[in-house]
Amino acid sequence: MSNENQIAVVTGAGSGIGRSTSIKFAENGYKVVLVDFNEATGEETLKLVQNKGGEGIFIKADVSKEEDVQNYVKKAIEKYGRIDVFFNNAGIIQKFAPFTTVETKEYERIMDINVKGIFLGMKYVIQVMEKQGKGSIINTASSAGIRPEHSIAVYSASKHAVIGMTKGAAIEYANKGIRINAVCPGGIVTPLFKSVGETLEKTGYVPEEMSRVRMGRHGEPEEVAEAVLFLASDKSTFMAGSVVTVDGSLTV
Ligand code: NAD
């Protein structure tokens, strides 16, 4: 397989889109470095990878902590010597709530994980890829990074930041063999997405989101994984700074 011996690092690998993409990387010949702050679910993903005949390691890390990020990059290099692909994906959703009721602590947590986590991951992985002269980074933004949803302004802002950072870094590294792109999922059935219902009810707001998904259904994590694998691979060699939606037309 053409991806044999390629190394992919995935953050948020313990669940949803990260898990699904990790398995798909393994099925396509990549060795995977799985990162999550939930040790149990991260180890579970590693088992699922191994059950498919794949190879990888799990590293526990909180992507918002600089020393943890340095550690997962170091461990990936110690084990495999390089990082070909970085799926910078870990993120959290905001509780749906009126803007003025959002706790400052919640704002900080969302920004720490969704923005600082993406920044730190890129900061340390790009240093490795610069030495290699090659690499592909895919940052997970969101449909809300293009078109905010009601009652989650902070989350939307965090994902707008991911898109800005993706484009900004992409133009710095496009001529150094490092392609940086963003994927924007929307309405994908994962534990994160299912948790939305509970907090949404409390706001009394009836989401219009489904009326914008003209396919009349939500998406599956595997459908995002396919887009990520394409962006990771040498099939997308002229793509840098691209923002790829996988949202069934939600943002249109
Ligand atoms: P999920 O909750 O199923 O998975 C997220 C994973 O990230 C979990 O395993 C969690 O433990 C891990 N994680 C969270 N914070 C972390 C941290 N600080 N350090 C390390 N790991 C951490 O969610 P998902 O739906 O698969 O979401 C993945 C990404 O996709 C997120 O960035 C999310 O914002 C984005 N997204 C999802 C949807 C959707 O509809 N599901 C839509 C738009 C964007």
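Author: Start with one contact. Thr-11 sits opposite Val-35, a residue of strand 2. The pairing behind this contact is parallel, with five bridges between strand 1 and strand 2 (residues 31-36). To get from strand 1 to strand 2, the chain passes through helix 1. This β-α-β crossover is right-handed.

Strand 1 has another partner. It also pairs with strand 4 (residues 85-88), again in the parallel sense, over three bridges. Here Val-9 has Phe-86 of strand 4 as its bridge partner.

Now the burial. Five of the five residues of strand 1 (residues 7-11) are buried, so the strand is largely enclosed by the rest of the structure. In a regular strand, side chains alternate between the two faces of the sheet. On one side of strand 1 are Ile-7, Val-9 and Thr-11, and on the other are Ala-8 and Val-10. Those residues are all buried, and both faces are covered.

Next, the ligand. There are 32 residues around it, and Gly-12, Gly-16, Gly-91, Thr-190 and Leu-192 come nearest. Helix 1 (16-27), helix 4 (104-132) and helix 6 (191-203) each give two or more residues to this shell. By class, the shell has twelve nonpolar, 18 polar and two charged residues.

A word on confidence. This is a predicted model. The protein chain has a mean pLDDT of 95, and 98% of its residues reach 70 or more. For the complex, the predictor gives an ipTM of 0.99 and a pTM of 0.97.

Key
Residues numbered from 1 in each chain as written. Predicted model: local features only at pLDDT ≥ 70, side-chain atom pairs only at ≥ 80, totals over all residues. Near = placed C-beta within 6 Å. Helix = DSSP H or I, 4+ residues; strand = E, 2+ residues; numbered from the N terminus. Nonpolar A, V, L, I, M, F, W, Y, C, P; charged D, E, K, R; others polar. pLDDT = per-residue confidence, 0-100. Buried ≥ 20, exposed ≤ 12 C-beta atoms within 10 Å, placed from the backbone. Pairing = 2+ DSSP bridges. Right-handed = clockwise from strand over helix to strand, strands pointing away.
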